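Subject: Structure handover

Hello,

Here is the structure for you to take over. Please open it first, then read the notes below.

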Amino acid sequence: MTDSVLKGAQTASSQEVIDLAERVGAHNYHPLPVVVSTAKGVWVEDPEGKRYMDFLSAYSAVNQGHRHPHIIGALKDQADRCTLTSRAFHNDRMGEFLDRLCTYTGFEMALPMNTGAEAVETAMKMARLWGHKVKGVENGKQEIIVCEENFHGRTISIISFSTDPEAKEGFGPYTPGFKVIPYDDAGALEAAITPNTVAFLVEPIQGEAGVCVPAEGYLKQVREICTRHNVLMIADEVQTGFCRTGRKFAVDHEDVRPDAMCLGKALGGGVFPVSAVVANQDVMGVFFPGSHGSTFGGNPLGAAVAIAALDVLDNEQLERKSRELGEYLREQLRGIDCPRMVQVRGKGLLNAVVFEDGFQAWDVCVALKNKGLLAKQTHGNIIRFAPPLVITKDEVDHALGIIRDVFSQIS
Ligand SMILES: *Cc1c(COP(=O)(O)O)cnc(C)c1O
């Protein structure tokens, strides 16, 4: 068929767009039945002109809001200069980007990639190489400890240590070298460590698991155990980083310094895939030319976007806004009279409402959508509320009006 069903995105209806995507796209997602064609700040609009508040923020990739003018300006400016060199040559933006990222995170070195999963893969390769070359573990014996209910991405190695059957089953054979322990259990970590353990990979708050916040003190204990056993503590801050939880990074809530952090999502300002691993020289120094790479990693377009994305976090005080509006949002959500709601949890603007076991939140998400608010359920009975951090208090109140309206009708 040479004639496109869509005569240009401008004229296609939501239903036409959905039908086409369902027909030719692999069914690896089950999206809400809504089409976004334009977006600005906290707001998105469908082809029919109906407006919605975005309370998912592309899983926290849009912390700075949709199409922030400073970030779009940087993108356009760089697009007119140079977009890609590969790492075979230097480009004049990557160094500046990594320097900014090191200053922002407090680490000495950074390795740029594109997606979050690549950042996690990079951190695991770094840990295995460090384990062999520095810690002296025999190559092939390196072990990495991870947590139940983790989410670190979708590559073969990463799903090899997933405990989610949907993510894992049918994709074998699985990559060896991982040990899974319960989350929020420092004793289990201590017990799982062997002389071959090179790293503990952990989300400081488990986002995909349903915004699971560990007990206060857990990350401090993890830090102490890792230090005592000469095991790298690697924090996956892909979702929790860049002010999402009301601090620059979720580990900051406990004043913990991991040995490395995996970063992504909001590092690209909702515009371009940019990810990175940050660490100090004593760990990151294990890489040598040829040991790792990515054609697009560190590209000047992504670097320019990431610099602007970091600017916005600082210029608009998104750390403070996320903390204050997050507290307000949780307090207001807790006040809603809805007998089937059992818990409101989160930090900053990464929040979740938990309904009773077995409750199907899909219908609630559809009802929220029909009233103009986009949010997505996870694990069936949990809805995540994570708007762009540029949201105003008035906009939070507007959203709360919709949420109250819908929740009051849940029987
Ligand atoms: C989203 C996410 C990833 C994977 O990022 P992609 O860009 O989708 O590959 C990894 N870790 C965490 C904690 C995430 O939330």
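In this predicted model, 30 residues of domain 1 are in contact with 31 residues of domain 2 (contact means heavy atoms within 4.5 Å). The area buried between domain 1 and domain 2 comes to about 2,300 Å². Carbon and sulfur atoms give 54% of that area. Buried area here is the accessible area, taken with a 1.4 Å probe, that two parts lose on being put together, summed over both. Q64, K347 and L350 supply 28% of what domain 1 buries against domain 2, more than any other three residues.

Where do the domains run? Domain 1 covers 31-64 + 317-407, and domain 2 covers 69-315. These bounds come from an automatic or database domain assignment. The C-alpha centres of domain 1 and domain 2 lie 26 Å apart.

A word on the basis. Residues are numbered from 1 along each chain as its sequence is written, and side-chain values use heavy atoms, with hydrogens and water left out. As the model is predicted, local features need pLDDT of at least 70 and side-chain atom pairs count only at pLDDT 80 or more, while totals for chains, interfaces and linings use all residues.

Next, the salt bridges. The rule finds two across the interface of domain 1 and domain 2 (a side-chain nitrogen of Lys or Arg within 4 Å of a carboxyl oxygen of Asp or Glu). The side chains of R247 and E319 also meet in a salt bridge, at 3.6 Å, N to O.

Now P387. It sits in the loop between strand 15 (382-385) and helix 14 (393-407). Helices (H or I, at least four residues) and strands (E, at least two) are DSSP runs, numbered from the N terminus. P387 counts as buried because its relative accessible area is 1%. Buried means under 20%, exposed over 50%, and partly exposed in between, with a 1.4 Å probe and protein chains only. P387 and S57 are 330 residues apart in sequence, yet 5.6 Å apart in space, C-alpha to C-alpha. Leaving out residues up to four places away in sequence, P387 touches D54, F55, S57, R244 and L349.

T105 is in helix 4 (residues 94-105). At 4% relative accessible area, T105 is buried too. With the sequence neighbours up to four places away left out, T105 touches F249, R257, M261, L263 and V278.

Finally, I156 lies in helix 6 (residues 156-160). Its relative accessibility is 49%, so I156 counts as partly exposed.

Best wishes
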